[in-house]
Amino acid sequence: MRRAANVAERRSDKMNVFIFLITGIYLSVMAVIDHRLQKIPVLPGVIGILVIVLARVVDGDFWKWMPGVAVGVFLYLMSKATRGAVGDALVYLMTGVTLGFFGNIELLTLSLFFSAIVSVFLLVFRKVGKKKRIPFVPFTAIAYGVVMVL
């Protein structure tokens with residue numbers, strides 16, 4: 001019995017590493033795209049979400065991680081209500097399946113913190129005007145790296 005539990009735990013650990021890597025690669029690529037184009041393509045996000053959901057189902061802990069998508073759903077609803085783009089919401093749907101609810105809240109909080117620091121710096125040193133829009137996914141990718149290290 002103990003041996004079976006150890007095998008399942010090792011499989012789960014390998015699956016988590018796979019999921020964390022897929023999410024990290026996705027965030028890195030989307031950060032570059034968001035920085036250059038200020039737009040997030042939908043198809044890679046949908047494919048990434050489906051891959052991670054499938055990995056969670058195979059691993060047997062699908063329902064444990066599903067509350068994490070609440071952050072992405074909230075951002076999606078807010079984007080639709082304000083007629084904004086849904087790219088950031090898609091990113092947080094994916095990270096929600098990866099990190100779970102509290103991990104995704106932590107990621108969003110760190111992302112907002114990092115973007116606020118950079119925004120204040122840019123405004124104080126007059127590098128940009130008040131109307132300038134800065135991409136958000138690069139801050140999410142940086143915050144994801146911090147969350148993974150801590």
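Valine 32 sits in helix α1, which covers residues 2–37; helices here are DSSP runs of H or I with at least four residues, strands are E runs of at least two, and both are numbered from the N terminus. This is a predicted model, where local features need pLDDT of at least 70, side-chain atom pairs count only at pLDDT 80 or more, and totals for chains, interfaces and linings use all residues. Residues are numbered from 1 along each chain as its sequence is written, and side-chain values use heavy atoms, with hydrogens and water left out.

Back to valine 32: from C-alpha to C-alpha, proline 138 is 7.2 Å away in space, although the two are 106 residues apart in sequence. Most residues other than glycine have a negative phi.

How exposed are these two? The table has the values, and the cut-offs are under 20% relative accessible area for buried, over 50% for exposed and partly exposed in between (1.4 Å probe, protein chains only).

| Residue | Relative accessible area | Class |
|---|---|---|
| Valine 32 | 43% | partly exposed |
| Glutamine 38 | 42% | partly exposed |

Zooming out, the protein has six helices and zero strands. Buried residues account for 39% of its 150 residues, and the C-alpha trace spans about 65 × 30 × 25 Å along its principal axes.

α4 and α5 pack with their axes 5 Å apart, at an angle of about 135°; axes are lines fitted to C-alpha atoms over the stretch in contact, and angles run from 0 to 180 degrees between N-to-C directions. The two helices are therefore oblique to each other, the class left over once under 35 degrees is called roughly parallel, over 145 roughly antiparallel and 65 to 115 roughly perpendicular.

α4 (69–81) and α5 (87–124) also each give at least two residues to the lining of the largest pocket. A pocket is an open set of points on a 1 Å grid over the protein atoms alone, where a 1.4 Å probe fits, with protein on both sides within 12 Å along at least five of seven lines; lining residues have an atom within 4 Å of a point. The largest pocket has 22 lining residues, and Ala85, Asp88, Arg133, Ile134 and Phe136 lie nearest its centre. α5 provides the largest share of that lining, seven residues.
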